[in-house]
Amino acid sequence: MKTLVEETVVAELRTGGDEAVRLYVAACAERMAPLFIGLRAGETGREADVEFYRESVGHLWNVDRPLPDAADRARLLERFPELQPVEDGNTGVADTYTFLATLALRHALSVHDTGNADHAVSCGHATLTAMGMLDQNATGAPFTAEELRLQSLSVSGTAAGLWEASVAAGRERFRAVLSRTGGSGRRT
C-alpha cells in the first residue's frame, strides 16, 4: 500500500527504537483526539467511549514502555461504531473524521501491543488522510503541511514541545471540522 507518510519518516520509524515509534503514534493520536472527543462529546450513549478514548491517548504518552493492556484496549476500540461496517459508508462530516481518529488510535494501540512500525506508518497515514480531506474542504487550510512537519518532528529524536504542538494542532483541526458540522459537534 502506498502511504502518505514521507519516506524519511517511514525509514526512521522502521530503524528507530521502540520509544521513538511510541512517541510518534502518541503525537499522531493526540492531534486526532479532539476530532473524536469533540465530535462525540455530549452524544447520548457515547460518554464511556469518549472517556476511553481520552484515557487511551493519555496513556500513549508513556513512551518509555508499552501499555500492558494495549491489546485489550484495541479490542474494546474495535467495538466502537466508527469501526463497524456501514452499508453506505461514512458520509457525514463528523462520522468521517471520527472514523479516521478512531482508526489512528487503533493503529497507535497496535504499536504498543506488537511494536510493529508498520502500525505506526498506518497511524500516520490515517492522520494524513484526515488532514488531506480537511485541506480540500477548508479554504486556504495548511493542515497536511503542518501534519507532515509534526510527523517529521516526532521522529527527529527530540520530544521538546511535541505534546504542546500536538495539542494546539488538534484544537485547530477540531475548530475547522466543527465549522463544517454547523458548530454542533454532533453527527450531521
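1. Where is the place of Glu7? Glu7 sits in helix α1. Helices are DSSP runs of H or I with at least four residues, strands are runs of E with at least two, and both are numbered from the N terminus. Glu7 is exposed, at 71% relative accessible area. Exposed means over 50%, buried means under 20%, and partly exposed is in between, with a 1.4 Å probe and protein chains only. From Glu7 to Leu150 the C-alpha distance is 14 Å, although 143 residues separate the two along the chain.

2. A word on the basis of this note. The model is predicted; local features need pLDDT of at least 70, side-chain atom pairs count only at pLDDT 80 or more, and totals for chains, interfaces and linings use all residues. Residues are numbered from 1 along each chain as its sequence is written, and side-chain values use heavy atoms, with hydrogens and water left out.

3. Helix α7 covers residues 143–154, 12 residues in number. Its first and last C-alpha atoms are 16 Å apart, close to the 16 Å expected at 1.5 Å a residue. The expected span is 1.5 Å times one less than the number of residues. Phe143, Glu147, Leu150, Gln151 and Ser154 are the buried residues of α7. These residues lie on the same side of α7, because they cover an arc of only 105 degrees around the axis. The arc is taken over the directions from the helix axis to the C-beta atoms. The partners of this buried set are α1 (7–15), α2 (18–40), α6 (117–137) and α8 (162–180).

4. Helix α6 has 21 residues. They should span 30 Å at 1.5 Å a residue, and the end C-alpha atoms are 31 Å apart, which agrees. The buried residues of α6 include Ala117, Val121, Cys123, His125, Thr127, Met131 and Leu134. Among the elements that cover the buried residues of α6 are α1, α2, α5, α7 and α8.

5. Take Thr127, in helix α6. Its relative accessible area is 0%, so Thr127 counts as buried. Beyond four places in sequence, Thr127 touches Cys28, Met32, Ala104, Glu147, Gln151 and Arg173. Contact here means heavy atoms within 4.5 Å. Thr127 and Leu105 are 22 residues apart in sequence, and their C-alpha atoms are 9.7 Å apart.

6. How many disulfides does a search of the whole structure find? The search finds 0. Cys28 is in no disulfide, and its nearest cysteine sulfur, that of Cys123, is 4.5 Å away. That distance is too far for a bond. The cut-off for a disulfide is a pair of cysteine sulfur atoms within 2.5 Å. A disulfide is a covalent bond between the sulfur atoms of two cysteines. Cys28 is buried at 0% relative accessibility. Cys123 is buried at 0% too.

7. Next, the largest pocket, with about 260 Å³ of space. A pocket is an open set of points on a 1 Å grid over the protein atoms alone, with protein on both sides within 12 Å along at least five of seven lines; a cavity is a set where a 1.4 Å probe fits but cannot get out, and lining residues have an atom within 4 Å of a point. Points are joined across faces, edges and corners, and the volume is the space filled by probe spheres set on them. The lining includes Glu30, Pro34, Ile37, Arg54, Trp163, Arg171 and Phe174. The elements giving two or more residues to this lining are α2, α3 (47–60) and α8. Helix α2 gives the largest share, 5 residues.

8. Helix α4 runs over residues 70–77, and its buried residues are Ala70, Arg73, Ala74 and Leu77. They fall on the same side of α4, because their arc around the axis is only 100 degrees. The cover over the buried residues of α4 includes α3 and α5.

9. Two single residues remain. Ser110 lies in helix α5, residues 93–114. Ser110 is buried, with 6% relative accessible area. Leaving aside neighbours within four places in sequence, Ser110 is in contact with Gly115 and His119. Ala138 is in the loop between α6 and α7. Ala138 is also buried, at 18%.
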